[in-house]
Amino acid sequence: MLEPAEWAAAGIPLLRNPREVVTGLHSRHLPRPATAVVAVLDPEERLTASASFPRRGAAAADGWEFRNALLAQLRRVIPHDLRRRTPVRTAVLLYCREGESRWTEEDGAWMWGLRDACTLHGLRCGAYITLTRDGWQVLGEGRGGRRPHSASLRTALDVAATGDGDAQALPPPRAGAHEALSHSAAV
C-alpha cells in the first residue's frame, strides 16, 4: 500500500488533460462501483489500449492481488515494453467506487499495484483516478471534476444521463477515435 505522500513524491507524470482522459474512459467502459479501468496512453496521451474489470472478492485491499489483476489485463490488451531502455507509454488507472472521494487504504493498495504492474510490463506509472458519486479526482494532484461520476450513464442516443436527473448531449467522437477503440477491450 502507498500513502498519498509517497505517491506524490514518486514523480508520477501529470496528465495534460485529465478531464478528457476520464471522460473517454468512462464513455468506453461505463464503470460501475468496484470496477477498475486500466488504460495505456502513448506519449501524446492518446489511448492505445484499455481494459475494465471488476474487483474480485470482498476481502481487505491487497496490493499484490491488485497488481496481478492489473498485469493480467495489461498482458491481454498490449505487448510489454521491457526491451526499451526507458518507458515510452504510460498506464493510468481509473477506479470507480462507493464512498467519499478522499483517499482510502484501498486506493493505496491500487496505487501500489499500478506502480508495480507498470514496472513489470515496462510502462511508466501514470495517474490514479477515483470515480465516486462526488465526481472524479486524480489522487496526489488535487485535480478533479463533478462529471462524470459513478452514477453517470451513457445511453444509446448519445445523451449522458446522470443519477441526479440531468441529461446532457455527449460530444461527437473525435477523429482517430476508431483506431484507439480498435485496441480497447472491456471485460
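Start by selecting Cys118 and Cys125: the sulfur of Cys118 lies 4.5 Å from that of Cys125, the closest cysteine sulfur, which is too far for a bond. A disulfide here is a pair of cysteine sulfur atoms within 2.5 Å, and by this rule the count is 0 disulfides. Stay on Cys118, which is buried at 1% relative accessibility. Buried stands for under 20% relative accessible area, exposed for over 50%, and partly exposed for what is in between, with a 1.4 Å probe and protein chains only. Then select Cys96, also buried, at 0% relative accessibility.

The model is predicted: local features need pLDDT of at least 70 and side-chain atom pairs count only at pLDDT 80 or more, while totals for chains, interfaces and linings use all residues. Residues are numbered from 1 along each chain as its sequence is written, and side-chain values use heavy atoms, leaving out hydrogens and water.

Next, go to Ser27 in helix α2, residues 18-29; helices are DSSP runs (H or I, at least four residues), numbered from the N terminus. Ser27 is partly exposed, at 25% relative accessibility. Its side chain reaches the backbone oxygen of Gly24 at 3.1 Å.

Finally, color by pLDDT, the predictor's confidence in each residue, from 0 to 100. The protein has a mean of 81, and 80% of its residues reach 70 or more. Select residues 155-167, where pLDDT is below 50; this stretch has 27 contacts in the model beyond near neighbours in sequence. A contact means heavy atoms within 4.5 Å. Over residues 175-183 pLDDT also stays under 50, and the model has 8 contacts for them beyond four places in sequence.

Key
Helix = DSSP H or I, 4+ residues; strand = E, 2+ residues; numbered from the N terminus. Polar contact = N/O pair within 3.5 Å; in protein donor to acceptor, adjacent residues only side chain to side chain.
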